[in-house]
Amino acid sequence: MSRPITPPTSKSARLRELLAGPVPVTAVGAHDGLTAKLVERAGFDAVWCSSFEVSASYGLPDASLVTMTQFLSAAEAMDAITDIPIVADCDTGFGGPLNVAFAVERYERANIAAMCIEDKLFPKMNSFADAAQDLLPTEEFVLKIKAGKEAQSDDRFLLIARTEALIAGQCIDEALYRVHAYAEAGADAVLVHSKSSRPDEILELGARWDNRIPLVAVPTTYASVSEQSLFEAGYRLVIYANQGMRAAVKGMREVLGKLRVAGHAESVHDDIATMSEIFELQGMTAAFRTAP
Ligand code: SPV
Ligand code: MG
């Protein structure tokens, strides 16, 4: 396959630097440029281009329905208007090892700092959906990781492997076995997902991991755990995967409901951002200043 024309930006180097640092690295889920910008403005280190959020932004289930091109386009929009690294959630890698290699080339070419692929069967269902969460055999997922790592042309790009072992109801030993295998295959970090309401299994797995490569956590259901506790257990990257979109949906629903009942725009005046705030976020102010 062809090589990227332009080298990746230093965003991947920045992410590596952060992951080697003394404090937890935090990322928040987004689905477009504007939401990524808000994540950056809030002071987080990175943006998680969430498959759940991007799918939901089309009004679709997070079930391998959105294509690689659509996911990549969302990640590119995020990257273009932020200075922080984008970690792209690439589900199962859009197919087999060849598809993963193709995706790595395309994402690297688009200057995306990191890609994350997970060890479920294609088509996958969102990890919290009450549906089958079947795992790909470890050896087969290892082939995907190897294909991805071989396809990258810049050492700084990161391929994060994600195990859904705990989501699939497997024990910590099985999850740990997969974490080892994925690290051995060349993954730059391993995301261990859990839908437990308590952080116990995530913390235990971290305590039993030898810290060879960083672990990544997504504390959506075990929400009370602190970034610091996760960090101390070996989780270098903490992803708040979807809180932004859930806030937006709640806010929009409330405002639209109020507007519908009141029948005039002033009823929601104090509940919404000003036009100038949006102008500023979309760079309108700068555009006006340079206009003739
Ligand atoms: C996402 O945000 O798309 C994720 C996290 O992969 S989860 O929704 O928990 O699967
Ligand atoms: Mg996802």
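Trainee: Hi! How is the chain divided into domains?
Mentor: In this predicted model, domain 1 covers 11-241 and domain 2 covers 250-290.

Trainee: And how far apart do the C-alpha centres of the two domains lie?
Mentor: The C-alpha centres of domain 1 and domain 2 are separated by 33 Å.

Trainee: Switching to the backbone, which residues does the cis peptide bond join?
Mentor: That would be F122 and P123, with omega at about -5°. For background, most peptide bonds are trans.

Trainee: Where is P123 found?
Mentor: Look in the loop that runs between β4 (114-118) and α6 (138-151).

Trainee: Where does D91 lie?
Mentor: D91 belongs to the loop between β3 (86-89) and α5 (97-109).

Trainee: Is D91 buried or exposed?
Mentor: Buried: the relative accessible area of D91 is 3%.

Trainee: What about N111, what is its phi?
Mentor: Phi of N111 is near 65°, again a positive value in a residue other than glycine. N111 sits in the loop between α5 and β4.

Trainee: And does N111 count as buried or exposed?
Mentor: N111 has 18% relative accessibility. Buried means under 20%, so N111 counts as buried.

How values were computed: Residues numbered from 1 in each chain as written. Chains lettered and ligands numbered in written order. Predicted model: local features only at pLDDT ≥ 70, side-chain atom pairs only at ≥ 80, totals over all residues. Heavy atoms only, no water. Domains from an automatic or database assignment. Helix = DSSP H or I, 4+ residues; strand = E, 2+ residues; numbered from the N terminus. Buried < 20%, exposed > 50% of the residue type's maximum accessible area, 1.4 Å probe, protein only.
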